[in-house]
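Please read this briefing alongside the sequence and the model.

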Amino acid sequence: MEAKKKKISIIGSTGSIGTQALEVIERLQDKFEIIALAGGSNTDLLKQQAQKFRPKFVYAAKPFSIAGIKTVETLEDICSNKENDIILVAVSGKIGLKPTLTAIENGIDIALANKETLVMAGDIVMKKARENGVKIVPVDSEHCAIHQCIKDISQVEKLIITASGGPFLHKTLEDMKNATVEQALAHPRWHMGKKITVDSATLMNKGLEIIEAHHLFGFDYDKIDVVVHPQSIVHSAIEYVDGSVIAQLGLPSMHIPIQYAITYPERFEGIKSKSFSFADIARLDFEKPDFEKFPCVKLAYAAGKTGGTATVCLNAANEEAVFAFLNGKIKLYNIYEITRTMIARHTVITNPTVEEIFATDESVRMQTREYINEITHS
Ligand code: MG
């Protein structure tokens, strides 16, 4: 008898994570049935995906019709459909938050590749997940690694998140201050979207991941360490109370964490370029992160400890600053200075509602854009 197929929808199927998820699903065709695909502006790719994978529903920013496939009006229409066993939230940005909450309220498990969901509203999201008995399995490689290492969370002493260090790891602070967009986008290990690649250059990405880890696993910030590991082979680790350290290793491919998250708790043969060999890798290096050169990490720790809307402010100010950098308006190092200034000006709401979170996000973005205009026109 054929095993029951897992019913899945993908929010953000045309992005970097979404397309790789479809590659995984294509290989595991007998394990999955696709309920819905949702895409943004890349209508052509979404159409191709719909024709190839034949979901029941499609959500497109610019609607189109394919015979036999229904179009839905909103992402919430997909996320409230209880036919889904699991939803992969693979969009980037705050647009991921509401669909995730809708899915959780409907008791649907989540494979989470959207950082903002936890950075902006981690307290609300994790509380709702607990109340609804929903599993949230992280796709982010570091958190996926930690998820794989944890057997009994009550015996874990601390989390150790690895960071590749990005393109400026061994450059000087001066080099970093004068970095061009091109240099910032030249990430040595991972090919990702532009925003997250700039975040990897400033290490803000690691800062956001510390906040994600805090919410996902319920650890205090002083129990979450960051270590630089340029080879990106050790994807993260945990230390147990008895001193034993468990790490998850693998070649740097997002197919692995994506497959883990959508097939959990089962495992199947995956897409592998080659088999893992310690001898081929030969050496693994580790070093302390330089917080003077990468102050965004400290900023994120501080915002996380403050909690409430502080992390909403951190995320919004950083993202606006990254856009300004990508548009040639500011230098790379200004991203930190701008984000720090916006956090210093922000009045924190301690237990914000979802509405207050979105309102804070909007107002911080506006103020950040105004501030960037002031400093670039004076
Ligand atoms: Mg990551």
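The lining of the second largest pocket divides into 11 nonpolar, 12 polar and 4 charged residues. Here Ala, Val, Leu, Ile, Met, Phe, Trp, Tyr, Cys and Pro count as nonpolar, Asp, Glu, Lys and Arg as charged, and the others, Gly among them, as polar. This is a predicted model, in which local features need pLDDT of at least 70 and side-chain atom pairs count only at pLDDT 80 or more, while totals for chains, interfaces and linings use all residues. Residues are numbered from 1 along each chain as its sequence is written, and side-chain values use heavy atoms, with hydrogens and water left out.

**Second largest pocket**
- The volume of this pocket is about 570 Å³; of its 27 lining residues, H255, I256, G270, I271 and K272 are the closest to the centre.
- On a 1 Å grid over the protein atoms alone, a pocket is an open set of points with protein on both sides within 12 Å along at least five of seven lines, a cavity is a set where a 1.4 Å probe fits but cannot get out, and lining residues have an atom within 4 Å of a point.
- A volume is the space filled by probe spheres set on the points, which are joined across faces, edges and corners.
- α6, β11 (245–249) and α11 (255–263) each supply at least two lining residues, and α11 gives the most, with 6 residues.
- Helices (H or I, at least four residues) and strands (E, at least two) are DSSP runs, numbered from the N terminus.

**Helix α6**
- Because 8 of its 9 residues are buried, α6 is largely enclosed by the rest of the structure.
- Buried means under 20% relative accessible area, exposed over 50%, and partly exposed in between (1.4 Å probe, protein chains only).
- Among the buried residues of α6 are E142, H143 and H147.
- The buried residues of α6 pack against β7, β8 (156–163), α10, β10 (234–240), β11 and α11, where contact means heavy atoms within 4.5 Å.

**Magnesium site**
- D140 (OD), E142 (OE) and E209 (OE) are the protein donors of the magnesium ion, lying 2.1 to 2.2 Å from it.
- D140 is in the loop between β7 (136–138) and α6 (141–149), while E209 is in helix α10 (residues 204–217), 69 residues apart.
- Donors are N, O and S atoms within 2.8 Å of the metal (3.2 Å for Na, K and Ca); water is not among the atoms, so sites may look incomplete.
- D140 is buried at a relative accessible area of 13%, and E209 is buried at 1%.

**Nonpolar cores**
- The largest nonpolar core has 86 residues, and I136, L159 and L332 have the most contacts inside it.
- Helix α14 (residues 310–326) gives the largest share of this core, 10 residues.
- Another core lies apart from it, with 31 residues, including I8 and V137.
- A nonpolar core is a set of buried Ala, Val, Leu, Ile, Met, Phe, Trp, Tyr and Cys residues joined through side-chain atoms within 4.5 Å.
- In soluble globular proteins, nonpolar side chains tend to be buried together.

**Cavities**
- The structure holds 2 cavities of 30 Å³ or more, and the largest cavity has a volume of about 40 Å³.
- Residues lining the largest cavity include M176, T202, K293 and L332.
- By class, this lining has 8 nonpolar, 1 polar and 1 charged residues.
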